[in-house]
Amino acid sequence: MTAVIRVDKIGDYIDQAVKVRGWVYNRTRKGKLVFLQVRDGSGFVQCVAFKHDLSEELFEQIAHIPQESSIIVMGTVRADQRAPGIPGGFEVGITDLQIIQAADADYPMALKEHGTDFALDNRHLWIRMQSQWATLRVRATVISAIREWLDDHGYINMDTPILTPAAAEGTTTLFGTPYFDEGIAYLAQTGQLYNEANIFAFGKVYCFGPTFRAEKSKTRRHLTEFWMVEPEIAFCDLDALMEIEEQFVSHIVQRVLKDRAHELAALKRDTTLLEKITPPFPRISYDQAVDLIANLYAQENDPEKKALLAFEWGSDFGAPHEAAITQHFDKPVFVYGYPTAVKAFYMEPWPDRPEVCKSVDLLAPEGYGEIIGGSERISDPKKLLERIHDHDLPESAYQWYIDLRNFGSVPHSGFGLGVERTVTWICGIHHIRETIAFPRTINRVYP
Ligand code: 4AD
Ligand code: MG
């Protein structure tokens, strides 16, 4: 029996007879040769049918096989530098081929450029395309690296609820759903508040799950459903938090470089930029970031670009401001000490400067901007209650959360890293919607 192989391991089978099970990605004919690009989920490999090696009937069948037909190829693996594929450098000389299903001839996602809406309507097919496949493979490795680092560093994985009684990240982005006799329940915007309870039982924890925001913004950085990993740590202040974040993010990037080199090459990613992602990362205050933006504003002559850079102390950064800040650095940059007014209610105020809080965002280089939001949390119950009132939040829904501060309160901190934003940056792609198999945005829930 000939072994069924995985294309990503094809290098182990040089000069051996193998079977590849997969789909026809592309087909070209050059006289007595037909080249099939076959994908099996783990990679792409060129399979060559030579007229003289096969029966007339089989050769003609291969020469006309429709794109996306499911097949089993029998053949011999050859090393050939010129052979395209992922990993490239190998081809299969076809000795036999079985068609499982000949695909309909009118495959909508033919190998050419498609309009965005068309591609998104056909997302169930689009994910078969090389660029999408490569991006989603990077995503899987990012997720694996996240769990690996946290599990190896003593963090306990806690699953926090998705149906929740109240807002945690602002009341304007809540998805509500009727909940029996309890009124409205809300899809979780974060698991953080529950993790703040969890640390008092487990010390260091993380939750990792789908996160929901009814974001009204139609930008290339926003989804309504995304995946966020949220570590939370007891006895941890803002400085210690930044050290954890830079170790964590560097590990993720280095692991992708190691395990997904072929995919990054397929995406034409400049990996020399990613190789630089090692600790420490630069740290600047919000005030310094505002100065950087002001300098760029003063230097900018193009009126349109200048208008985008306009900024006043006290506002939150938009994408153009974050891009302006990151262009000064070739690593992710920490911006800490944002104005209290633009951040969530639970952030510890800066000592002697209550208009600023102990928050820190991590902005990815090359203009990608925020991939992490985090902070030191308020540990004093009275201060916390004041903030809940300032934000007009219903005290009763937060009673348990305030309670945590009455029984062994400690300084503690945590952060949330958005998986899709991180994958967008690592892959060097334009739009966040390509980093999740079935994106949910303000105007799309299909397919
Ligand atoms: O900055 P955010 O809102 O922080 C929190 O939710 C905190 N509770 C996290 C914590 O401290 N435990 O969101 C964190 C990250 C952002 O930096 C971004 O990467 C991602 O989540 N994110 C989004 N990603 C895609 N689409 C959206 N609409 C996102 N909103 C946030
Ligand atoms: Mg944020």
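All views show a predicted model, in which local features need pLDDT of at least 70 and side-chain atom pairs count only at pLDDT 80 or more, while totals for chains, interfaces and linings use all residues. Residues are numbered from 1 along each chain as its sequence is written, and side-chain values use heavy atoms, leaving out hydrogens and water.

View 1. Isoleucine 277 sits in the loop between helix H8 (271–275) and strand E14 (283–285); helices (H or I, at least four residues) and strands (E, at least two) are DSSP runs, numbered from the N terminus. Leaving aside residues up to four places away in sequence, isoleucine 277 touches (heavy atoms within 4.5 Å) several residues, including Val253, Pro332 and Trp425.

**View 2. The crossing of helices H9 and H11.** The axes of H9 (residues 286–299) and H11 (residues 319–326), lines fitted to C-alpha atoms over the stretch in contact, come within 9 Å and cross at roughly 95°. H9 and H11 are therefore roughly perpendicular (65 to 115 degrees) to each other. Ala289, Leu292, Ile293 and Leu296 of H9 meet His321, Ala324 and Ile325 of H11.

**View 3. Polar contacts of ligand 1.** Look here for pairs of N or O atoms within 3.5 Å. A nitrogen atom of ligand 1 is 3.3 Å from a side-chain N or O atom of glutamate 215. An oxygen atom of ligand 1 lies 3.3 Å from a polar backbone atom of isoleucine 372.

Note on methods
Chains lettered and ligands numbered in written order. Axes fitted to C-alpha atoms, helices over the stretch in contact; angles between N-to-C directions. Parallel < 35°, antiparallel > 145°, perpendicular 65-115°, else oblique. Polar contact = N/O pair within 3.5 Å; in protein donor to acceptor, adjacent residues only side chain to side chain.
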